[in-house]
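Trainee: I would like to learn how to read a protein model step by step. Could we take one residue as a starting point and then move on to larger features?

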Amino acid sequence: MIQNPKNIAIIGSGLVGSLLAIYLKKLGHTITVFDRRPDIRNITFSGRSINLAMSNRGWKALREVGIEDEVRNLAIPLDKRAMHVIGKPLYFQKYGKEGEAIWSISRGVLNKRMIDLAEGAGVTFRFEEKVWDVSLPEAKLYTGQSEKSEWKEYDYDIIFGCDGAFSRVRHKMQRRSRFDYSQDFIDVGYKELSIPPNPDGSHKLDKHSFHIWPRGNFMLIAMPNLDGSFTCTLFLPFEGEVSFERLKTEADAKAFFETYFPNVMQVIDDLLVDFFKNPTSAMVTMKCYPWTYWNKVALVGDSAHAVVPFYGQGMNAGFEDIYVLNQLIHAYGDDWERIFQEYQKERKPNADAIAELSYRNFVEMSSKTADPRFLLQKKIEKRFAAKHPEKWIPVYSRVTFSDRPYAEALAAGDTQERIMREVLKMPDIERKWDSEEVERKILSLL
């Protein structure tokens, strides 16, 4: 026995809450998961989802509790980006080395399976029971139908807040002295659209690619589902010349898609229906500290570190939180105060790093991926990395195909960017990009 059994509450039945429940249940604890929403296994999804991109960190966390294979059956490997640039034929950019891929998976499908797995392990779920208040020193929580209704009181040994970017648990922690908190909304919103399958159930676009239509300060992406459909996400400014606020009628939306995404009009049958039916959602980066209160309460996943979705690392980072927590539990046994202190100390710098990387990747995906100078830089980097794999690991690979700290990837990326700025200043670089002279230059700057 690693730990004495505790009575633990988890607030939030999303991906992070349900995986944490599986981990803690396997350690012998009694687990109750509260969620204000209905059981998503009984409802259709709300049109607010961006497909998930499972990568190394996520798989590692699932492998640790023996559910990796179960989840892999729900996912499709994507080994490249498919670039839909106006005025150019479709072209592809490989993500990593041979065999390296991110995996597209529907958030709804995965969340339903994770709840099933947690329930199968003996976790209790209390859906449609909203937590209104939390007593941090006593690990008590209070639920009820409304803020004014009679509340139920529950006593626990430990409470985990896995209730997302607008966490009720964190809201309570924010009222304490010396609690740092910031939220930063970007001026770009998103809307979910979909591409249905062909009549025979096959995909209308290449199903092993992450499809991107980069258009400067906005873009469309598409990720495949097992049923032959694609989940698409339109990222567009809320206000401005080309923005959500300008697309008020079907005629406005149709003209917008015909102008900027002409080849999409041919494959999105219900595009305009989706456009006006599905909500326009905002994206936020949220940072806070501390993430824990003594040995009683801890924040995990988005409730501690929400990031914008442009690196596909939100879920992976949350799953990595759980993996690290589990390692610390095995190291420190029943010393929950030590576990929580070490957890936040290790994870906070990495959470800040992936927040920065995620924002930068939006700029890269929407505008730079179609920029000739950027593409030249990537060609030079790829050639150098192939010849000197021990000296140059691309930032994307460090984040997506390794489990080294995010903070390390950010620092290495900044160094590489400084080197490439010098290399691109070399005279006639477009012609001699693959020469030994360029290789020597990079080696001298490393």
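Mentor: Let us begin with isoleucine 102, which lies in strand β7, a strand made of residues 102–105. Please keep in mind throughout that this is a predicted model.

Trainee: Is isoleucine 102 buried or exposed?

Mentor: The cut-off for a buried residue is a relative accessible area under 20%. Isoleucine 102 has a relative accessible area of 4%, and therefore it is buried.

Trainee: Which residues is isoleucine 102 in contact with, leaving aside its neighbours within four places in sequence?

Mentor: The contacts of isoleucine 102 include Ala53, Met54 and Ser55, then Ile76, Pro77 and Leu78, and also Tyr95, Phe210, Tyr396, Thr400 and Phe401. Take isoleucine 76 from that list: it stands 26 residues from isoleucine 102 in sequence, while the C-alpha atoms of the two are 8.3 Å apart in space.

Trainee: How should I read a sheet, and what is the strand order in the open sheet of three strands?

Mentor: The general idea is that strands of a sheet pair through backbone hydrogen bonds, and that this pairing is either parallel or antiparallel. In this model, an open sheet of three strands has the order β9-β10-β11, and its pairing is antiparallel. The edge strands are β9, residues 130–135, and β11, residues 152–155, each of which pairs on one side only. From one strand to the next, the twist averages 25°.

Trainee: How many bridges join β9 and β10?

Mentor: There are five bridges between β9 and β10, the latter covering residues 140–144, and the two strands run in the antiparallel sense.

Trainee: Which residues are buried in helix α2?

Mentor: In α2, which spans residues 56–64, the buried residues are Arg57, Gly58, Trp59, Ala61 and Leu62. After this helix comes glycine 66, and its phi is positive, near 75°.

Trainee: Where can I find a positive phi in a residue other than glycine?

Mentor: One of these is glutamate 128, with phi near 50°, and it lies in the loop between β8, residues 124–127, and β9. Its relative accessibility is 53%, so glutamate 128 counts as exposed. Another is aspartate 428, whose phi is near 60°, and its place is in the loop between α14 and α15. With a relative accessible area of 39%, aspartate 428 is partly exposed.

Trainee: Is the peptide bond from tyrosine 289 to proline 290 cis or trans?

Mentor: That bond is cis, with omega near 0°, and proline 290 is found in the loop between β18, residues 284–289, and β19, residues 292–293.

Note on methods:
Residues numbered from 1 in each chain as written. Predicted model: local features only at pLDDT ≥ 70, side-chain atom pairs only at ≥ 80, totals over all residues. Heavy atoms only, no water. Pairing = 2+ DSSP bridges. Helix = DSSP H or I, 4+ residues; strand = E, 2+ residues; numbered from the N terminus. Axes fitted to C-alpha atoms, helices over the stretch in contact; angles between N-to-C directions. Buried < 20%, exposed > 50% of the residue type's maximum accessible area, 1.4 Å probe, protein only. Contact = heavy atoms within 4.5 Å.
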